[in-house]
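Visitor: I'm new to this one. Can you walk me through it?

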Amino acid sequence: MAPHLTVVIPVYNEESIIASAAEELRQGLDARGLDYEIIFAENGSRDATPAILEGLCANNPRLRWFHSETPNYGVALKAGILKARGTYVICDEIDLCDLTFYDAALPRLERGEADMVVGSKAAKGASDQRPLIRRAATRVHNKLLKVALGFQGTDTHGLKAFRREALLPVIQKCVVDMDVFASEFVIRAWREGLRVMEIPIQLHEKRQPSIHLFKRVPNVLKNVGKLFYVIRVRGT
């Protein structure tokens, strides 16, 4: 039978925290009595991450993983969502696994108050403990999305929860990859009239990002440009 909840987590070179983070998340979900599965979307790791995941999933039927050869956050996240079986899906990050977001988002979905709940790092009441340069980058990215695509929210990347049945058609329309896939997913849901709700989160990362911020910039600009053309020019 399909579980109530699927958690999808992209992972890349996470040998230092994958086992402890997975166990902490599993214990938290068990303590809440949830019927769940966790899918680790491993993409392009060159460390011991795949071997660790193999061991973790072999010992717990609620855990699943798959491998993609090329490091690509967006492709991995999309593939994980398409493999999800749960009524509800939460997209999480291995360096977050913040169960307080689950506690806040899932009841809203179950009560039918929203189709998607986005955990915002920039909404009123949020606490973002990342370095200043990364907080600034989030605001610049959101401003770019507002100008280029008319986005009216405060955040698109990171924690999000949604009703799988309602959002699968949106996933099928997404055309970009890497980090901007997460933005396209939220923006398309909003543009198609789905009920997208933001809630503030308390962001405390477990480690520094695995990919340097400035290495992401060229691809972000390329993919936002592609989105502008596809959505604003072609209207698709």
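Visitor: Which residues of helix 7 are buried?
Guide: A quick note before the list: this is a predicted model. The buried residues are Val-180, Phe-181, Ala-182, Ser-183, Glu-184, Phe-185, Val-186, Ile-187, Arg-188 and Ala-189. That makes ten of the twelve residues in helix 7, so the helix is mostly covered, with buried meaning under 20% relative accessible area.

Visitor: How far does helix 7 reach from its first C-alpha to its last?
Guide: Helix 7 covers residues 180-191 and reaches 16 Å. That is close to the 16 Å expected at 1.5 Å a residue.

Visitor: Where do Glu-184 and Arg-188 lie?
Guide: Both are in helix 7, four residues apart. That spacing is about one turn of the helix. An α-helix has 3.6 residues a turn, so residues three or four places apart point the same way.

Visitor: What follows helix 7?
Guide: Gly-193 follows, and its phi is positive, near 85 degrees.

Visitor: How many salt bridges does the whole structure have?
Guide: A search of the whole structure finds 15. One of them joins the side chains of Arg-32 and Asp-103, at 2.7 Å from N to O. This pair links distant parts of the chain, 71 residues apart. Arg-32 is in the loop between helix 1 (18-31) and strand 2 (36-43), and Asp-103 is in helix 4 (residues 99-110).

Visitor: Which residues are linked in a network of salt bridges?
Guide: Glu-23, Arg-26 and Asp-30.

Visitor: Let's switch to strands. How many residues of strand 1 are buried?
Guide: Seven of its seven, across residues 5-11. Both faces are covered. Leu-5, Val-7, Ile-9 and Val-11 are on one side, with Thr-6, Val-8 and Pro-10 on the other.

Visitor: In what sense do strand 1 and strand 2 pair?
Guide: Parallel, over seven bridges. Val-11, for one, has Glu-42 of strand 2 as its bridge partner. The chain crosses from strand 1 through helix 1 to strand 2, and this β-α-β crossover is right-handed.

Visitor: What about strand 1 and strand 4, over how many bridges do they pair?
Guide: Four, again in the parallel sense. Strand 4 spans residues 88-91. There, Val-89 is the bridge partner of Thr-6.

Visitor: Last topic, the surface. Which residues form the nonpolar patch?
Guide: Ile-133, Phe-214, Val-217 and Leu-221. Together they have about 390 Å² of accessible area. Helix 8 (residues 213-233) gives the most, with three residues.

Visitor: Where does Ile-133 lie?
Guide: In helix 5, residues 132-149.

Visitor: Why does Ile-133 count as partly exposed?
Guide: Because its relative accessibility is 46%.

Technical notes: Residues numbered from 1 in each chain as written. Predicted model: local features only at pLDDT ≥ 70, side-chain atom pairs only at ≥ 80, totals over all residues. Heavy atoms only, no water. Helix = DSSP H or I, 4+ residues; strand = E, 2+ residues; numbered from the N terminus. Expected span 1.5 Å × (residues − 1). Buried < 20%, exposed > 50% of the residue type's maximum accessible area, 1.4 Å probe, protein only. Patch = residues over 30% accessible without salt bridge, like charges linked within 9 Å, V, L, I, M, F, W, Y side chains within 5 Å. Areas by Shrake-Rupley, 256 points an atom, 1.4 Å probe, with all protein chains shown as cover. Salt bridge = Lys/Arg side-chain N within 4 Å of Asp/Glu carboxyl O. Pairing = 2+ DSSP bridges. Right-handed = clockwise from strand over helix to strand, strands pointing away.
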